[in-house]
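Me: I would like to go through this model in short questions. Please show it first.

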Amino acid sequence: MTGAVGQAADTSAAVAAYEQTQSTAKAEKTTGKNKVSGKTIGEPQLSEKAQKYYEQLKKKYGNMDFILVSKDMKAAAQAQAGSYANKNKMVVLIDEEKIERMAEDENYRKKYEGIISGATSQMQQLKKSLTSSGAKVKGYGMQVNDGGNASFFAVIDKSYEAQRKRIAKKAEQKAEDKKKAQKEERDKRAEEARTQKGDKAKEDLVTVTASSIDELINKINNTMFAAMSDNMETEAEKRVGHNFDYSA
């Protein structure tokens with residue numbers, strides 16, 4: 001009898017040990033993290049569940065360009081946000097911790113997906129405003145921050161507004177004087193001016209950041225207005241195409 005009891009106890013212990021092993025293996029499979037493919041900053045890692053959710057998120061918002069940020073690179077990504085801007089799609093910088101929690105917490109997921117959805121609906125407003133302002137945008141994006149909010153950024157070429165003003169000025173000259181020879185001369189001068197200022201224009205980039213799309217638009221407009229004031233034509237430029245010799 002004692003032997004039977006002992007054997008039963010051993011069997012029970014073996015079963016418990018097996019179940020524990022299976023439970024541990026399952027937990028490791030669920031919580032084990034792996035490196036993520038695609039665009040990343042740092043070396044972010046996600047659990048299997050979070051990886052599946054992240055792929056679903058990217059598919060759901062296919063008109064956006066997601067970049068996953070590792071925990072230790074969050075501050076660096078925020079400081080250098082402009083370098084990740086995309087001209088064709090709004091970049092979304094989001095860190096691994098948020099994706100993990102979004103995969104597990106439904107309310108948290110709804111909250112942050114709402115932030116992303118809101119930015120999606122405002123993209124057309126942003127593009128329309130930037131086009132009408134004459135701003136030359138090299139790229140734009142958003143970063144999903146802690147505390148249930150996001151920041152937005154755009155990289156613009158401040159030299160564009162000054163160039164646009166000069167082009168308009170040349171167009172006025174063309175209307176005043178339709179002679180082909182004079183038009184060719186003006187075009188030649190304009191091309192030379194663009195060539196001389198080309199290197200500077202390429203370097204005249206600035207990253208504008210804001211806590212909302214409306215604020216971003218206002219800051220971009222203010223930046224372009226300031227650039228226009230700083231790049232007013234010099235007296236020499238104003239005289240180009242306006243000095244004629246009437247003594248002949």
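Me: Is Thr209 buried, exposed or partly exposed?
Reply: A caveat comes first: this is a predicted model, where local features need pLDDT of at least 70, side-chain atom pairs count only at pLDDT 80 or more, and totals for chains, interfaces and linings use all residues. Residues are numbered from 1 along each chain as its sequence is written, and side-chain values use heavy atoms, without hydrogens and water. Buried means under 20% relative accessible area, exposed over 50%, and partly exposed in between (1.4 Å probe, protein chains only). Thr209 has a relative accessible area of 43%, so the residue is partly exposed.

Me: Which residues does Thr209 contact, leaving aside neighbours within four places in sequence?
Reply: Thr209 sits in strand E8 (residues 205-210); strands (E, at least two residues) and helices (H or I, at least four) are DSSP runs numbered from the N terminus. Contact means heavy atoms within 4.5 Å. With those neighbours set aside, the partners of Thr209 are Phe152, Phe153, Leu216 and Lys219.

Me: How far apart are the C-alpha atoms of Thr209 and Ala154?
Reply: Along the chain, 55 residues separate Thr209 and Ala154.

Me: Why is the pair of Tyr54 and Phe66 edge-to-face?
Reply: Rings of Phe, Tyr and Trp (its six-membered ring) pair if their centres lie within 6.5 Å; planes under 30 degrees apart count as stacked, over 60 as edge-to-face and the rest as tilted. The centres of Tyr54 and Phe66 are 6.4 Å apart. The pair is edge-to-face because the planes of Tyr54 and Phe66 stand at 85 degrees.

Me: Which parts does the pair of Tyr54 and Phe66 tie together?
Reply: Tyr54 is buried at 2% relative accessible area, and Phe66 is buried at 5%. The parts lie twelve residues apart in sequence. Tyr54 is in one and Phe66 in the other, so the pair joins helix H2 (residues 48-60) and strand E4 (residues 64-69).

Me: Is the pair of Tyr108 and Tyr112 stacked, edge-to-face or tilted?
Reply: Both residues lie in helix H5, four residues apart, about one turn of the helix. Tyr108 counts as buried at 13%, and Tyr112 is buried at 2%. The ring centres are 4.6 Å apart and the planes of Tyr108 and Tyr112 are at 40 degrees, so the pair is tilted.

Me: What percentage of the 248 residues in the protein chain is buried?
Reply: The protein chain has nine helices and eight strands. Among its 248 residues, the buried share is 33%.
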